[in-house]
Amino acid sequence: MMPKVINFSVFLLLVLSPGNSFQAPFGHHAASTTVSSSILQSKINGDDNNGINEKKSWHDYSIDDSYNLIVLGDLHLEDDMTSHHQARSDCISALHHLSLLPCPPTLTPASTSSSPPPFHSLLSTAQNTLGKDLSPAQLSLLRSYQTHGPLTNCHLVSLGDLGRKDIRHEPGDAGTTKSFTDAKTYFDGFSLPHYDVITGNHDLEGLDEFSTDAANLAAWQRTFQKDTPYFSRRVGHRTLLVGLSTVRFRDAPFSSHECWVDPLQLSWFEDVVRRHGAEEGWKIIVFSHAPVVGSGLRVLQNVHVVNGCAWLNHCDGGSRNRFIEIVERNPQVKLWFSGHFHLSHDYEDALCHVGKCTFLQCGVVGKASSRDGRRQTRLVQGNSHTINLYSINHHKRDDKNDEANIRLDAIVDLTTGQIDIKQGYNDYDHDQWFSAYVPKEEDGCFLGSPDCLVACQQTLPSSVCWWHMDDGAVLGLHDGQLVEYDKTTLSPLGIVVTKEQLKGREVLVVEEGTAVVLLEETT
């Protein structure tokens, strides 16, 4: 009996061998299942002169600009890899569960108002469609599925910090060759078509093995077969992943743990953004280990701010604001992922929207790395007009099947630039990992004429205020500390005087903002 559908394996041979015409299996030469290579090529090019499939339906939904993306925060491999292996299984399961978000035939309001059909439904429809009736979108889908399987168009990016968090001065420590090879083995275990990695501050900390930053970085690049520490990867017609790496540790003039993007890399980044303009429909997703100043993400004032390593290029006053300036000038930069703080996604300021860009803090998967006890991974489900942002909660599991909880955090409308927050946050006033105060012009804490007593001994612990010094520097009081802020973004830069040093003193600004005086009561 003549088969009614194309045998999938034979169909693949047809696509891969355009010089041959398809014949049904088992020697049946049936006209209804014969498609010439010229017809196939015309379909692939979108030039179907035979009038086949004129009607817009599921046949025309495409995955060419659809992608799923796993974003891993600080990896910090451990001796006991149980948590890491569990997290990897959770990620793979989530990719299967959520699948792809297909693109509608056109981007008209009518086509975006309803939910697209599930990927598995599109695949089943394509696999059970006569060869002569396959649309270009279905041909592309079948070829992609045959090449990569159910995880087609799935990607992974690691934000770095690969080795052990505790330094033992032995292989496996952060920054050692073994930490790189062990991490590569871990990433390979995802069995994805490819993945990308950037460096974190600890990845150049292999002091016992390498004498220079250049040698340390070269070993990292060799392990991951990278020509440069930065990367760009196209994941759809108009979606680009861009990764920026820190490239110094020993050579840092201030904090060794500052995540620093060198001028060559920064120029490359600006050029990439310029060549992929919003007017051409490009969407750019950026990855860096530390967040950028002005992003609004939660930073740890008594860990990273005090040490000058909270932001990308934190101590480099000439370049630290370039990143947020690029974002503000270029609406095609849609997402920016960072890690570094080992905090979860459960804070209000773990996700911040600035202009057309959404900045996201990425949690960790290892128990020993988490500051707040939560273990999470970001998952992005995107297409040409929508991005769904999920958290895979490895620490929250179903009692029956032990599966990780998958939570929808937000939906980004790429057409309007608006973000719809789906997740409520209950931990904004977390006692231990509180958010560093970021001054705002309208917050009522600005001192316009600070030539006066700012705080006395009694009010100092609770005082929240900020002011401009005569030389343009921005200082303020918060949590009993004297803090310096960035002049442009008002992001916290450093602790000028600590809580212990200020205890029992009065704070005055004198000589029309030219000096700060600390008075201590004497007996």
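Pairing, burial and charge in a predicted model

Me: Which residue in S19 is the bridge partner of Leu 453?
Reply: Leu 453 has Leu 508 of S19 as its bridge partner. This is a predicted model, in which local features need pLDDT of at least 70, side-chain atom pairs count only at pLDDT 80 or more, and totals for chains, interfaces and linings use all residues. Residues are numbered from 1 along each chain as its sequence is written, and side-chain values use heavy atoms, with hydrogens and water left out.

Me: What makes S14 and S19 a pair?
Reply: Strands (DSSP runs of E, at least two residues, numbered from the N terminus) pair if DSSP finds at least two bridges between them. Two bridges join S14 (residues 453-455) to S19, and these strands run antiparallel, so the two count as paired.

Me: How do you know that S19 and S20 pair?
Reply: Six bridges join S19 to S20, again antiparallel, and Val 510 has Ala 515 in S20 as its bridge partner. Four residues lie between the strands of this hairpin, where Glu 511 takes a positive phi near 55 degrees.

Me: Why is Glu 512 called exposed?
Reply: Glu 512, in the loop between S19 (505-510) and S20 (515-520), has 69% relative accessibility; exposed means over 50% relative accessible area, buried under 20% and partly exposed in between (1.4 Å probe, protein chains only), and therefore Glu 512 counts as exposed.

Me: Why is Leu 343 called buried?
Reply: Leu 343 lies in the loop between S7 (333-338) and S8 (351-354), and because its relative accessibility is 2%, Leu 343 counts as buried.
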